Amino acid sequence: MDLKDLDYVFKPSSVAIVGASRNPEKIGHVILKNLINSGYGGKIYPVNIHGGTILGHKVYKSISDIPGDIDLMVVVVPAKYVNDVIKEAGEKGVRAAVVITAGFKEIGGEGVERERKLDELVSKYGIRLIGPNCLGVIDTYTPLNTTFAHIMARKGRIAFISQSGAMCTAVLDWAYESHIGFSKIVSMGNKTQTDELQLIEYLADDPQTKAILLYVESIDNGQDFIEKAREVTKKKPILVLKGGITEAGAKAAISHTGALAGRFEAYNAAFKKAGVIMASDVSELFDYAVALSTQPASRGEIAVLSNAGGLCILTADQLVKRGLKLAIFSDETIKKLRKSLPPTAAIYNPVDIVGDADKQRYLSTLKILLSDPNVSTVICLLAPTALIDPYELAEGITEIKKSYPDKAIITAFVGGPVFKRAREFLMEHGIPYYDMTIRAVNSAYALNKYREIKDRKPCRYVTVHDVDNVYGAELIRRVRLDGRNVLMEHEAKELMKAYGIPVPKSYLAKSPIDAVSAAEYIGYPVVLKIASPDILHKTDIGGVKVGLRDSEEVEDAFDEIIMNARKLAPKARIYGVLVEKMVSTGVEAIIGVTKDLQFGHMMMFGMGGVYTELFRDVSFSILPICREEAIEMIKETKLYHILRGYRGLDVMDVEKTLDVLLRINQLIRDFPEIVELDINPLSIYKSGEGVMALDVKIVLSKE
Amino acid sequence: MAVPIYICGSGVSGKTLLIYGFMHVFEEAGYKVRYFKPVSRALDKVGPGKWVDDDVIAFKELFMKEFEYDDVSPIVIRDRFFEYGEESKELHKLIKDAYEKISSDADIVFIEGYASPKTLASINLSGIDICKLLNAKMLFMVREGYDKDIDKAIIWYKEVAESGVATLGLIINSVPIHLWDRLNTFVKDFLYSKGIKLYGMLPDKEEFMAPTLLDIAAALDAEVLCCDDQLERFVGDILVGAMRPSSALKWLRTSRNPLVVTGGDRTELLLTILESGVAGIILTGNLYPAIKVIERAKDKNIPLLLVQPDTYTTINKLHKIHGRVTSSSLRKKKDMIVNMIRENIDVKELMQDVLG
């Protein structure tokens, strides 16, 4: 559906309320009252079978009785009548509907069928639908309030989209008290037709919205979300509060990637790729939003200004903890500060103008800091003293800001009622005000983060051509034909080889004699490993024997491995034993891929070997990745410092490691049916000597 | 007069399923076939106070509706059986009478044995005793085919041959992939040198012993919350849903036809399980799942079985079901077993040896 028709939801020239009620305790009454009180200027048509008048408006007995055209219809009738109303509205040519009524998919059974029918009807008549099972919609610029919330939102630049209606009312009330304003508020309900994807796309071009906030419990089309959000975040920031990203329950994973890649990591990787900033709670979400909707996205060159030393130190600590940097002042700034401030003042960042400072000292210092080219954001801290009138200071800060439109100012006046008026003034004039230093630091973080997102280099996806995908397809076909979806190690390694990733020489032996001849052919020493699609942790069941030097050892190891497997994995299908050349190990890395249910394939890179899960030194990215993203993945880990030659260690082959990441990326593009892949370890040798995949696990989707 | 074949194999060796397959193969070749289990061991009661073996219930339903349970299996034993020793003559007569009744119009009778050839010799009801009584030839069956299994078969063969009962050859069931080549060459020759014919080997196939969801639902007395038209599916691995959803995903992906056992209150985990294509889900502790779980299960056609006991008890019960035979699971496995027999067993040779 065309997104333009969302205009009928937010800027309708007429609104019908179907199910309007005379009873002040009914939702149908509250919504009508809210709509009238919001100052809505268009035509209002209450609809109720009993007719009459409600709140001074003539009531129509049905939609068809309404004389004029209807842009928006708000539906609050009982669930069983909703589809009849929609049908009638469709015949009448109503453009959009907000269905408040509950009793659809969320109740199961008949509700599911009812929602399916509703979806069918709105498609048939081309009606733009919000809901059902939602709180409604607010637009403060139209103005329009079709919700049954107890208050109207203040006017502002933040659009808030929520999957939970209750979250909307909670946020409305809290934000009102905090002097935070909104451009639009949308409660999506069951998202039958309109979901967060369409809304962010629409809001991207909404001139009244500077920041888009999202509260979601589920994201249905993860890949589409990433793609859409990536476009929108070039224009304006998207902030997300996602419910349910941590997981309860014990850890029991089959691969290392599995153990490390949980819901949280998937969302984190997805939001990173999308350029979406994730908040951990409602207050953090709005700390971010207030700054991003009023201040320019600035680089993390932060100056801290305060009349209290304690606040300075706290803020500096918090900035460092969030990975932000204090600006280093230019010589000229230092000179000016030394000249203008008393000798007891701290003139290096953070700047403490000490407790006896008056408004004049505060404001002139602020000007000096803003004029420094090395400063892009100033956090203005204030502790209450008798020497500064906070309200007058707020006026002064607001005035100065006008001369520095490209720089960000964030205030944190730490105290209580004494700052009430100053807070109102600052918030109304577009200067973020917080009552705690950490919240100012949060907002500085958001500004810096969004700047990074905007500055991201465009990603160029390249195809790796020197891979044998025909052989790959044949190999996968053979595995499927055998009724399996788990590749055995030798098959997984053949696939690696086909994709240009080096693996040790190996051979599948079915008997001890077989194993000995393989070992003699490959050359001692060799490693023997159990070959079974049902045994993924070979070492755990005694399925691996290393450093075998002669035929006797090989023969012995073969029998022992089979015996161990029968004892400890009695149900496993045993195909034989893999005989493999024993190679030296370099620095051990892990490369993993897992297919996330929401976001698709996710790649992991980091420290490999037996300590993988202990150190958890890994980075994630949603696939596909471009070269730049692959480089970033490597650089995000501590392992990178080791590869670069930490404290005199050898420099390792980073270039070849990068090459493997891109080849795996290609493999997944060619065979998206791979749902799990683990190379652990990938042995990385000295620069120029390459890499080798020593153990590889691959699992395909079940057909 | 019908020709009786006594199939000897220990424990859960797959005798029942093999007999079921042979009955179809021989029937299709134009013979009238019957099933007979002279001595059976019962786990369940059928009707008021009557103990009947699962196999007997299944075969009566599938092949021998017109007969009574007592005709198909005249002697049913439980944990105590030495008391029977004093009435061997009467028991032999019972067996003989029942056999005559069911075999009167048959060409071939497949007699399902009770463990090894000498088991129950203490009460004169061993395989050797029965073969002598009914003049049956004995066919041997072992599982897997490791050397110890073959050794057992050779010992049995010798015992039976020495007793004067006519012997047929050997069939090896559930052969692991890595043993196949050795059995087919070296071991086959070794057996031959001992005078034992290897008719063939059946590969290890999980579905062979697997129960269907219907069997499980019946055994656990489960309430089917969704998709009762999907209960004929086989169940392979049994997974306990105790991990976090993303970890569960890895297990689900590598398991074969899994049945997941978990509490109905674990909504997020259940939604993940439903996305990954499982055979079915058992919800334990009588915890009714969230509506969205049921709706998703309907979308995905995945049966949800609600049971009263907790997860641990349920798992214990499930392990006992494995290998048990019902008419529904036999019916479902018919094509698989018949094809496996045709592909892997020298049926012509066997027929010749049986019919002489």
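Which residue in β11(A) is the bridge partner of A:Asp139?

Tutor: The bridge partner of A:Asp139 in β11(A) is A:Lys184. The model is predicted, with local features requiring a pLDDT of at least 70 and side-chain atom pairs a pLDDT of 80 or more, whereas totals for chains, interfaces and linings use all residues. Residues are numbered from 1 along each chain as its sequence is written, and chains are lettered from A and ligands numbered from 1 in the order of writing.

The pair A:Asp139 and A:Lys184 belongs to an antiparallel arrangement in which 3 bridges join strand β8 (residues 137-139) of chain A to strand β11 (residues 181-187) of chain A. Strands here are DSSP runs of E with at least two residues, helices are runs of H or I with at least four, and both are numbered from the N terminus. Two strands pair if DSSP finds at least two bridges between them.

Elsewhere in chain A, a parallel pairing over 4 bridges links strand β5 (residues 72-75) to β6(A). Within it, A:Met73 has A:Ala97 in β6(A) as its bridge partner. In a regular strand the side chains alternate between the two faces of the sheet. Strand β6 (residues 96-99) of chain A has A:Ala96 and A:Val98 pointing one way and A:Ala97 and A:Val99 the other way, and all are buried. A residue is buried if 20 or more other C-beta atoms, placed from the backbone, lie within 10 Å of its own, exposed if 12 or fewer do, and partly exposed in between.

A:Glu120, located in helix α4 (residues 110-125) of chain A, is exposed, with 12 other C-beta atoms within 10 Å. A:Glu120 and A:Asn83 are 37 residues apart in sequence, while their C-alpha atoms lie 9.9 Å apart in space.

The chain as a whole supplies the setting. Chain A contains 24 helices and 31 strands, and its C-alpha trace spans about 100 × 80 × 40 Å along the principal axes. Of its 703 residues, 51% count as buried. Among the contacts in chain A with a separation of 6 or more, 73% come from residues 24 or more positions apart; a contact requires C-beta atoms, placed from the backbone, within 7 Å.

Several helix pairs complete the picture of chain A. Two packed helices are described by the angle between their axes and the distance between the axes. The axes are lines fitted to C-alpha atoms, for helices over the stretch in contact, with angles from 0 to 180 degrees between N-to-C directions.

Helix α17 (residues 469-481) and helix α18 (residues 489-498) of chain A have axes that come within 9 Å and cross at roughly 165 degrees. α17(A) and α18(A) are therefore roughly antiparallel (over 145 degrees; under 35 is roughly parallel, 65 to 115 roughly perpendicular, the rest oblique). Their crossing is left-handed (the near helix turned anticlockwise from the far one by less than a right angle; right-handed if clockwise). In this contact, A:Tyr471, A:Gly472, A:Leu475 and A:Val479 of α17(A) meet A:Glu491, A:Glu494, A:Leu495 and A:Ala498 of α18(A). By class, these residues are 5 nonpolar, 1 polar and 2 charged (nonpolar: Ala, Val, Leu, Ile, Met, Phe, Trp, Tyr, Cys and Pro; charged: Asp, Glu, Lys and Arg; polar: the others, Gly among them).

Helix α10 (residues 282-294) and helix α16 (residues 437-455) of chain A have axes that come within 8 Å and cross at roughly 60 degrees. α10(A) and α16(A) are therefore oblique to each other, and the crossing is right-handed. Residues that make the contact include A:Tyr288 and A:Leu292 of α10(A) and A:Ala446 and A:Tyr450 of α16(A). The contact of α10(A) with α16(A) has 7 nonpolar, 2 polar and 3 charged residues.

Helix α7 (residues 222-235) and helix α9 (residues 263-274) of chain A pack at an angle of about 35 degrees, their axes 7 Å apart. There, residues including A:Phe225, A:Ile226 and A:Ala229 of α7(A) meet A:Ala270, A:Lys273 and A:Ala274 of α9(A). The contact of α7(A) with α9(A) divides into 5 nonpolar, 2 polar and 2 charged residues.

Note on methods:
Contact = placed C-beta atoms within 7 Å.
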